[in-house]
Every structure is written in structure tokens, then in C-alpha cells.
Amino acid sequence: MIAYALIGAMACVSAAMLLNLFRLFRGPTAADRILALDTMVINAIAFIILFGIHETTTTYFEAALLLAMVGFVGTAAYSKFLLRGDVVE
Amino acid sequence: MSGGMIIADVVISGLLLLGGAFALIGSWGLAKLPSLMSRLHGPTKATTLGVGSCLIASMVYFPAYGHAWTAHELLITLFLFITAPISANLIAKAYLHGCRTEPDENAPAAEGMPVAPPHDADWATFGRDEELEEMILGETGDASPERRS
């Protein structure tokens with residue numbers, strides 16, 4: 001039962017990432033693209049966790065944690081750059 | 001298969017499906033909604049909830065199948081739930097800034113814009129209210145005037 005649910009959840013997350021990719025290319029403003037990238041990172045974290053359950057290892061949690069931190073820092077840096085024209089003042 | 005394992009299986013499967021559905025709904029909102037201010041709602045709420053649901057599923061799965069319980073999932077959940085509103089706020093600020101500095105380019109997407117503040121008051125992201133600053137900082141306050149660009 002878990003195997004089927006896992007496949008379903010992975011398909012959902014993959015479709016979500018495709019939708020994010022659509023917004024990333026389409027997005028009329030730079031803020032849209034930042035938002036699409038941020039959402040994509042969150043979906044990638046979800047996918048990594050699902051993959052970890054699929055493989056029954058806890059090795060991938062570190063990757064997910066790192067991706068969460070780096071993704072937030074990246075989003076903050078992009079937005080800051082748009083706001084101030086500089087990342088670190 | 002014992003009764004406890006069946007319950008655990010049902011709970012894990014339900015959480016996994018719920019997480020996938022929420023992630024998909026959030027991203028669908030991101031692709032479909034008309035303006036950035038409404039688009040912000042999808043990823044910040046639904047997708048974060050979807051990831052949280054997947055993490056809870058993994059938090060149930062590993063102890064149920066004889067692995068050690070770890071705090072990694074809790075850490076990731078906590079971090080995501082703290083950072084999601086902050087990044088959303090930053091993106092909204094960047095969008096408002098873009099609408100102000102290049103209004104013609106963003107005009108069709110500006111339907112989600114909040115009402116502009118009255119008379120000379122400014123958004124938090126724009127310029128500085130000199131009188132207010134003087135009132136707050138007093139005469140000694142020299143808040144780095146070279147920052148103004």
C-alpha cells in the first residue's frame with residue numbers, strides 16, 4: 001500500500017515541479033521567477049524525502065536540510081538584490 | 001501483518017497522498033492565478049503544508065519499520081515553517097518595488113496591488129520619511145544618509 005501511495009505522491013510532486021518550471025519560464029516579472037524557484041526548492045525537498053522513504057535510508061535527510069537552508073538564503077539574496085541593487089551592503 | 005502495522009500503513013499512505021496533493025495544489029495555484037500577489041498564496045501555504053505532511057509520513061515510517069527515530073524531519077519542518085513567510089514577505093516587497101520603479105512594465109500584473117498609502121507616506125521599501133525619521137531618531141540620529149539611492 002505504501003509503495004502505491006509513494007508512487008502517487010512522487011507523481012504529484014513531479015507534476016508540481018513541471019508547473020513551477022512553466023512559471024519560471026513564463027513569469028512576467030522577476031519576482032515571479034524568484035517565487036517559482038523558491039517553490040521548486042520546496043518541491044525538491046519533498047521529492048528527496050519521498051525518495052528517502054522509497055529507498056528506506058535516512059541518508060538523504062541531510063541533503064534535504066541543506067537544500068532548505070540554501071534555498072531560503074538564495075531567495076532572500078535574490079529579493080534583496082531586487083530591492084537594494086546589492087546583496088550585502 | 002499485525003493490526004498496528006496495518007494502522008501505520010494506512011496513516012503513512014494517507015499522509016503521503018495528502019502531501020503530494022497539497023504540493024500539486026500549491027504549484028497549480030502558482031501557475032494559474034492571475035497576479036503575483038495572489039500567486040504568493042499557493043506556494044507559501046499549500047506547498048509548505050504538503051512538505052510538512054510528507055515529513056510527518058517519513059517520521060512515522062522509519063520507526064514503524066524498525067529504524068531509529070531521528071530529529072531530522074522535525075528540523076526540516078521547523079526550518080521550512082519559519083522561512084516560508086519570511087521569503088514570501090521579501091518577494092512581495094521586491095514585487096512592490098518593481099511596480100514602483102518600472103510601473104509601465106508591470107501594469108497588467110498589478111491587479112493584486114494593495115491600496116497606496118495616503119499623501120506622502122511611503123511603502124516600507126521606498127525612500128524615507130524624513131520627518132518621521134527625525135521624530136524617532138532625534139537630532140543625534142545620523143542614519144547613514146549615503147544609503148539613499
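Q: What makes up residues 6–22 of chain A, helix or strand?
A: The span is 100% helix and 0% strand, with its end C-alpha atoms 24 Å apart. The label "helix" goes to DSSP runs of H or I with at least four residues, while strands are E runs of at least two, all numbered from the N terminus. Bear in mind that this is a predicted model, where local features need pLDDT of at least 70 and side-chain atom pairs count only at pLDDT 80 or more, while totals for chains, interfaces and linings use all residues. Residues are numbered from 1 along each chain as its sequence is written, and chains are lettered from A and ligands numbered from 1 in the order in which they are written.

Q: Where in chain A does UniProt put the "transmembrane region" feature?
A: The unreviewed entry lists residues 6–22, 34–54 and 60–83 of chain A. UniProt positions follow the numbering used here, feature names are shortened, and annotations may be inferred rather than shown by experiment. In the model, residues 34–54 of chain A are 100% helix and 0% strand, with end C-alpha atoms 30 Å apart.

Q: How many helices and strands does chain B have?
A: Chain B has six helices and zero strands, so by the DSSP rule its pattern reads α-α-α-α-α-α.

Q: What share of chain B counts as buried, and what makes a residue buried?
A: It's 34% of the 149 residues of chain B. Buried means 20 or more other C-beta atoms within 10 Å of the residue's own; 12 or fewer is exposed, anything in between is partly exposed, and C-beta atoms are placed from the backbone.

Q: Why can H3(B) and H4(B) be given a relative direction, and which one is it?
A: Helix H3 (residues 41–64) and helix H4 (residues 72–101) of chain B pack at about 175°, with axes 10 Å apart. Axes are lines fitted to C-alpha atoms, for helices over the stretch in contact, and angles run from 0 to 180 degrees between N-to-C directions. Angles under 35 degrees are roughly parallel, over 145 roughly antiparallel, 65 to 115 roughly perpendicular and the rest oblique. So H3(B) is roughly antiparallel to H4(B).

Q: Which residues meet between H3(B) and H4(B)?
A: Among them are Thr44(B), Val51(B) and Leu55(B) in H3(B), and Ile76(B), Leu80(B) and Phe81(B) in H4(B). Contact means C-beta atoms, placed from the backbone, within 7 Å.

Q: How many residues of chain A are in contact with chain B?
A: There are 46, in contact with 50 residues of chain B. H2(A) gives the most to that side of chain A, with 16 residues.

Terms used
Two residues are in contact if their C-beta atoms, placed from the backbone, lie within 7 Å.
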